[in-house]
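Thanks for making time this morning. I would like to walk you through one model, moving from its aromatic rings to its pockets and then to its core.

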Amino acid sequence: MGLTNKTKHNLTNQDLSIQISLNGLSFCILNNVSNTITYLKHFEYEKRFSPFQILEKLEQIFDSEEVLKMDFMNIKAIFVNDLSTLVPASLFDENNLADYLKFNSKILKSDYIAYDHLSVNDTYNVYVPYVNITNFLFEKFGDFSYTHFSTILLEHVLKKEKNTMEPKVYVHVGRSHFEIIAMDHQGLKLYNSYDYHSKEDFIYYILFALEQLDLNPEKVQLYVIGKIKKDDDLYQMVFKYVRHVDFPDPPINHRFGEGVTASNHSNFVLTNSF
């Protein structure tokens, strides 16, 4: 999705992606000539804010971070929330957006509903963006685009595994939620998001999903991406119960510039958003 007005960005080779959730904001800048990520910074909060409070945080960051005051060629906002659902193209009707969401998300009549098209498997991702933030970005930048984080996640994982013959499972880890993507030679079998508060919650939902999909933890290949490291409790818990656990091959084609510390899998959505 995108918004435009008559404002034109100055000629520049910098692209900006902003990942927005109610308990954190992340910013990533790509030099699209050298294909180098020159800035990557996270602002994480202990509490979950309202969309109006997180907008205040966003405004403060734009005021305080000098690097964010430069001109950008392209700006993208990525919304991270559980207010989304996938709809096959054969069932999709733009007039029924609220109906798709109301069965698994708590939405208000005043909520603006948007959608992305996933060309990789011809489905639509229907979701709620934070309209106060899109309005702010529109006023600040003019032209910009926005999407749901799961659109980027699914597009990249499904493209990467489009020729897979064996079942594969990806687990994308956030601070308090994670997503499971399961696919085989017939395509996407499962996409779901889960809240977790402990490593026990984490493994419970993974094993439950594998059981429902009739996948053997001793045989299935499971990849982990996002906020997870090989020496942390979450990884060790998964490795205890699932035999074949690994990080996928580097998912991005960008280089990390000097002073930018990140692993290829840790910021999967943000760094694959360009």
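**Aromatic rings, pockets and core**

Let me begin with two side chains, Phe 178 and Tyr 196, both of which are buried, where buried means under 20% relative accessible area, exposed over 50% and partly exposed in between, with a 1.4 Å probe and protein chains only. Before I go on, please keep in mind that this is a predicted model, in which local features need pLDDT of at least 70 and side-chain atom pairs count only at pLDDT 80 or more, while totals for chains, interfaces and linings use all residues. Residues are numbered from 1 along each chain as its sequence is written, and side-chain values use heavy atoms, with hydrogens and water left out.

The structure holds 23 aromatic pairs, a pair being rings of Phe, Tyr and Trp (its six-membered ring) with centres within 6.5 Å, counted as stacked if the planes are under 30 degrees apart, as edge-to-face if over 60 and as tilted for the rest. In one of these, the ring centres of Phe 178 and Tyr 194 are 5.2 Å apart and the planes are at 20 degrees, so the pair is stacked. Phe 178 belongs to strand β11 (residues 177-184) and Tyr 194 to strand β12 (residues 187-195), so this pair ties together parts that are 16 residues apart in sequence; helices (H or I, at least four residues) and strands (E, at least two) are DSSP runs, numbered from the N terminus. Phe 178 and Tyr 194 are both buried. Turning to Phe 178 and Tyr 196, the centres are 5.8 Å apart and the planes at 65 degrees, so that pair is edge-to-face. Phe 178, Tyr 194 and Tyr 196 are among the members of one aromatic cluster, which also includes Phe 202, Tyr 204, Tyr 205 and Phe 208.

What lies over the face of Phe 62? There we find Lys 140, at 4.9 Å from the ring centre, and the charged end of Lys 140 also sits over the ring of Phe 141, 5.7 Å from its centre. For such a contact, NZ of Lys or CZ of Arg must be within 6 Å of the ring centre and within 35 degrees of the ring normal.

Phe 141 is one of the buried residues of α3, which include Ile 133 and Leu 137. Just after α3, Gly 142 takes a positive phi of about 80 degrees.

Next, the pockets, where a pocket is an open set of points on a 1 Å grid over the protein atoms alone, places where a 1.4 Å probe fits, with protein on both sides within 12 Å along at least five of seven lines, and where lining residues have an atom within 4 Å of a point. The largest pocket is lined by 41 residues, with Gln 19, Glu 44, Gly 174, Arg 175 and Lys 227 nearest its centre. The largest share of that lining, four residues, comes from β4.

Finally, the largest nonpolar core has 30 residues, of which Leu 16, Ile 18, Phe 27, Leu 58, Phe 62, Ile 133 and Leu 137 touch the most other members; such a core is a set of buried Ala, Val, Leu, Ile, Met, Phe, Trp, Tyr and Cys residues joined through side-chain atoms within 4.5 Å. Elements that each supply at least two residues of this core include β2, β3, α1 and α3, and the largest share, five residues, comes from α1.
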